[in-house]
Amino acid sequence: MKKVINTNLAPKAIGPYSQAIMLEDLLFASGQIAIDPKKGEIVEGGIEAQTSQVMENIKNILSAAEMDFSNIIKTTIFLTDLNNFSLVNDIYGGYFTKEPPARSCVEVSRLPKGALIEIEVIAQK
Ligand SMILES: C=C(N)C(=O)O
């Protein structure tokens, strides 16, 4: 039986999707862009600020499902500019102290709200 995960500590959906869906012990989180949940707007400060906000949003969705970064088994990173690869790795890597999850990273032409980065995760409880 699936369960919808919803928290005010992560941005509200900007379309017809849930923040995350739990199916048995697996969590499928929708792609997070760098919306500050308090303001409802993309944070200022470029790729570094956006990456940090995305990771905080993911942290709060995991927390709403009683999980943390150690539960993540797969991520997908979407970047509008692969030149930001190293900057993103530096920030992203700080959230995974050991055994980082499997990952894909791709460049895309555009993201919702003009975001520079979107990350989706799958986690196991
Ligand atoms: C931001 C999204 N995850 C979306 O529009 O699907």
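Trainee: Which residues is Ile58 in contact with, leaving aside its neighbours within four places in sequence?

Mentor: Those are Gln32, Phe69, Ile72, Ile119 and Val121, where contact means heavy atoms within 4.5 Å. This is a predicted model, where local features need pLDDT of at least 70 and side-chain atom pairs count only at pLDDT 80 or more, while totals for chains, interfaces and linings use all residues. Residues are numbered from 1 along each chain as its sequence is written, and side-chain values use heavy atoms, leaving out hydrogens and water.

Trainee: What makes a set of residues a nonpolar core?

Mentor: Its members are buried Ala, Val, Leu, Ile, Met, Phe, Trp, Tyr and Cys residues joined through side-chain atoms within 4.5 Å; buried means under 20% relative accessible area (1.4 Å probe, protein chains only). The largest one here has 27 residues, and Ile58 is among those with the most contacts inside it, as are Leu27 and Leu62. Helix α1 gives the most to this core, with six residues. A second, separate core of five residues includes Ile33, Ile35, Leu111 and Ala115.

Trainee: How do you know on which side of α2 its buried residues lie?

Mentor: Helix α2 (residues 85-93) has Val88, Ile91 and Tyr92 as its buried residues. They cover an arc of only 100 degrees around the axis, so they sit on the same side of α2; the arc is taken from the directions from the helix axis to the C-beta atoms. Helices are DSSP runs of H or I, at least four residues, and strands are runs of E, at least two, numbered from the N terminus. The buried residues of α2 pack against α1 (46-64), β6 (72-79), β7 (102-107) and β8 (117-124).

Notes
Buried means under 20% relative accessible area, exposed over 50%, partly exposed in between (1.4 Å probe, protein chains only).
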